[in-house]
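Please read them beside the coordinates.

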Amino acid sequence: MLKGKNVVITGGVRGIGFEIAKTFAQEEANLFLVASRESEAAKNAVEEIKALGCEVAFFPCDVKDNDAVEAMTKEILEKSQGIDILVNNAGITRDNLLPGLSITDIEEVLDTNLKGTMLVTRAFIRNFMKKKQGNIINISSVVGLMGNKGQTNYAASKAGIIGFTKSVAKEYGRKNIRCNAIAPGFIETDMTAKLNEAQVEAISKEIALGRLGSAKDVADLALFLASDRSRYITGEVIKVDGGLYV
């Protein structure tokens, strides 16, 4: 389905991003994984992807730093001769009630999640225009649609990604560049691992399907959006939340 396609995935060495990377690798895509820094976890993730038999390269980059993003983009484009698909997945949380959020908590979440998505997309958009085609998938959150207590900074950043997604879709649709967003609900990742059993039970009661989702649930939708099977879909925000927000 993605054989020979060059794909950039930010936040691609853990959680949802890593699951997307594995799913795309199984479809014979060439992967360029981006994370904030080199680490043993990143090295292990790359080795696991390589074992699936696909081409993969790793690039450390702070997505909220424009100079770093421009340098990373230039290096990837030189190595790949062009990117076909961009998955903006890099994101962080700094949860607290609004009065308890520090200025750093607010700025880091907004800068990483929203500004980072904007900077990386801006850096690759010329590549897509030159190729006269492109596919951008932004990972938002159901929290960006419904809000959540203790996550005003995170919800604002993810809501911003939704507005950004729709705007990019309108700006570049005539250039054959598609842009969609995925809004996961409560997914079993490092971010939800800190929830205790009582919290998971309470959350599950609010979900129509009665359980948390898996990263694979999100990755399968990303694969559909990355493929030609979704060729007439752009500007959409698709929830993967088990019926949390209906």
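1. In β7, K239 is the bridge partner of A183. Strand β6 (residues 177–184) and β7 run parallel and are joined by four bridges. Strands (E, at least two residues) and helices (H or I, at least four) are DSSP runs, numbered from the N terminus.

2. This is a predicted model, in which local features need pLDDT of at least 70 and side-chain atom pairs pLDDT 80 or more, while totals for chains, interfaces and linings use all residues. Residues are numbered from 1 along each chain as its sequence is written, and side-chain values use heavy atoms, without hydrogens and water.

3. The open sheet has seven strands in the order β3-β2-β1-β4-β5-β6-β7, with parallel pairing; two strands pair if DSSP finds at least two bridges between them. β3 (56–60) and β7 (237–240) are the edges: each has a single partner strand, so one side of each lacks a neighbour in the sheet.

4. Helix α1 (residues 15–25) packs on the sheet and touches β1 (6–10), β2 (30–35), β4 (85–88), β5 (134–139) and β6. Contact means heavy atoms within 4.5 Å. The direction of α1 makes about 165 degrees with that of β1; angles run from 0 to 180 degrees between N-to-C directions, with axes fitted to C-alpha atoms, for helices over the stretch in contact.

5. Helix α4 (residues 103–131) lies across β1, β4, β5 and β6, at about 175 degrees to β4.

6. Between α1 and helix α9 (residues 215–226) the packing angle is about 55 degrees, and the axes are 8 Å apart. Residues of α1 in this contact include I16, I20 and F24, and those of α9 include V218, A222 and L223.
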